[in-house]
Amino acid sequence: MDDLRDLYQEVILDHGKHPRNFRKAPAANRSAHGYNPLCGDQVEIFLELDAAGVVQDISFQGSGCAISTASTSMMTQALKGKTLAEARALFEQFHALITGTGEPDPEKLGKLAVFSGVREFPNRAKCATLAWHTMCAALENRAEPVSTE
Amino acid sequence: MTSAAQAAPANERTYDVQRIRQDFPILAQQVHGHPLVYLDNAATTQKPRAVLAALEHYYATDNANIHRGVHELSSRATTRYEEARAAVRAFLNAADDREIIFVRGATEAINLVADSFGRRLRAGDEIIVSTMEHHSNIVPWQMLCERTGAVLRVVPIDDAGEFMMDEYEQLLSPRTRIVGIVHQSNSLGTVNPVREIAARAHAAGARVLVDGAQAAPHQLLDVRALDADFYVLSGHKMYGPTGIGVLYGKRDLLESMPPYQGGGDMILSVSFEKTVYNKLPYKFEAGTPHIAGPIGLKAAIDYMQAVGLERIAAHEHELLAYGTELLAEIPGLRMIGTAAQRSSVLSFVIEGIHPHDIGTILDREGIAIRTGHHCAQPVMARYGVPATARASLAMYNSRADVEALARGLKKTIEVFS
Ligand SMILES: Cc1ncc(COP(=O)(O)O)c(C=O)c1O
């Protein structure tokens, strides 16, 4: 039960039930679609990048499990105001946290550290990272949908 | 749960589920510190010791290639392989051993028919399937349509998950060449009236392929009573090994079909001028087959028959009713699939909790269920859900298993409250 509590922390349950930035971004100039065929999770990420490459707005729509919805929601909060390079660097930190590879820096991760419990549930790693892969695809304006499989 | 034990109906008392469980060594283990509760039987079933022993015995004493050897081991292996064919024939109540083709699984059996029978289809011909088909009874037909210009028609299902016979009647026409229908749905548990579906197809001049992958472990089968033209099985869903499946086809029909794959065993003679194909069933069994597969499958069939398929069905029916009752008490739970004729599947969603999260929490309680689209995305679309949680029963499941499921779901709701 303890590792379940670590996985489903209050913050995660809250974001899972009440996702933030759950809307279409009106001025989005980048977007991408992500799909996890295993569980049917769908996410669409909308990004508004300014000329300097700073994320002015980021939002999402879709349906998914608590982990993937919370992960997407908290990602949108974490990335607002960040540059492209900062966004990619944060993904690396987050990826290290989820997969238990490397040494993520708690200071850089900030609130995202609540996802540390996912490490004990390797078959949920894709739920946590789908949004981030999709965000990268949106940054590159890739047309084909991101799939976890 | 003494009260449940006292309330257990007669069948549970005479049907010794504890003894059956002892024949399945895998069940006696702890998962995440809890006794394993295996409720993912529609995905694959566990194997009784008799199946493991048959495989071991074959490889330890009889292993050789079949059909071509003059030596003792080869003739033993051939005998075992052909005995398995006879056992499958009897299991299906088919008329003739030659109507039993060994393939890799239900998927390959359907592909064989779509490929070989499919060669007679022309642009404008029609194929009918239902909304509740497994992807394996959809995609091969879509591929056939792409190749030939035939058209796929789909019989809808109602809110309970039942096949809509009137709509089917509307779709049937002289253009219909083949109807693909699942005997028991893996995502909903619906048991379809295949005898009637076949009769109507035949009246329209069409053939019928029945996907029996899920039905086989749960009911006594009789392909002649159903009047199925083709009937397909997957060994691993009926307590046998993976990698072995069965295509049953009516003999005259199989005779009239071209081979599926070319190679050894499927020929009588080969020359660069003229190659003569072998007779049934070998015409459809190119190359060295999975010899141990049918041998393991026969052991599984023997095991099911020793317990008795009607007794298994009665036990599972009772458990399904009990499970349905227990799940009805879970707040926010909605059953997906409530057909009057339903077997062994409890598919559901819970308000506000994604199936994937349900699956993870149950897993930590040692309870194995499946979450996702169950290779039946059109069913998910029909119900407007991305996925369901599915508990599926087998002959070794007990009342304690479904009680554990209900407890696990209550815990899931606690975690999310
Ligand atoms: C109804 C049904 N048909 C066909 C199949 C395909 O079986 P296999 O993957 O063993 O070929 C399945 C497996 O899930 C099934 O449930």
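A pocket is defined, on a 1 Å grid over the protein atoms alone, as an open set of points with protein on both sides within 12 Å along at least five of seven lines, and a molecule is taken to sit in a pocket if more than half of its atoms lie within 2 Å of its grid points. In the predicted model examined here, the ligand sits in the largest pocket. Local features need pLDDT of at least 70, side-chain atom pairs count only at pLDDT 80 or more, and totals for chains, interfaces and linings use all residues of this predicted model. Side-chain values use heavy atoms, without hydrogens and water.

The ligand is surrounded by 13 residues (a heavy atom within 4 Å), of which the closest are B:Thr107, B:Asp211, B:Gln214, B:Ser234 and B:Lys237. By class, this shell comprises three nonpolar, eight polar and two charged residues. Polar side-chain atoms of B:Ser234 and B:Lys237 each lie 2.6 Å from an oxygen atom of the ligand, and one of B:His134 lies 3.0 Å from a ligand oxygen atom. Taken alone, the ligand exposes 390 Å² (Shrake-Rupley method, 1.4 Å probe), and the protein buries 85% of that area.

Chain B contributes 17 residues and chain A 24 residues to the contact between them (heavy atoms within 4.5 Å). The buried area, namely the accessible area (1.4 Å probe) that two parts lose on being put together, summed over both, is about 1600 Å² for chain B and chain A. Carbon and sulfur atoms give 56% of this area. Of the area that chain B buries against chain A, B:His356, B:Arg364 and B:Val415 supply 35%, more than any other three residues.

How values were computed
Residues numbered from 1 in each chain as written. Chains lettered and ligands numbered in written order. Polar contact = N/O pair within 3.5 Å; in protein donor to acceptor, adjacent residues only side chain to side chain. 1 Å grid on protein atoms, 1.4 Å probe; cavity = no way out; pocket = protein on both sides within 12 Å on 5 of 7 lines; lining within 4 Å. Nonpolar A, V, L, I, M, F, W, Y, C, P; charged D, E, K, R; others polar.
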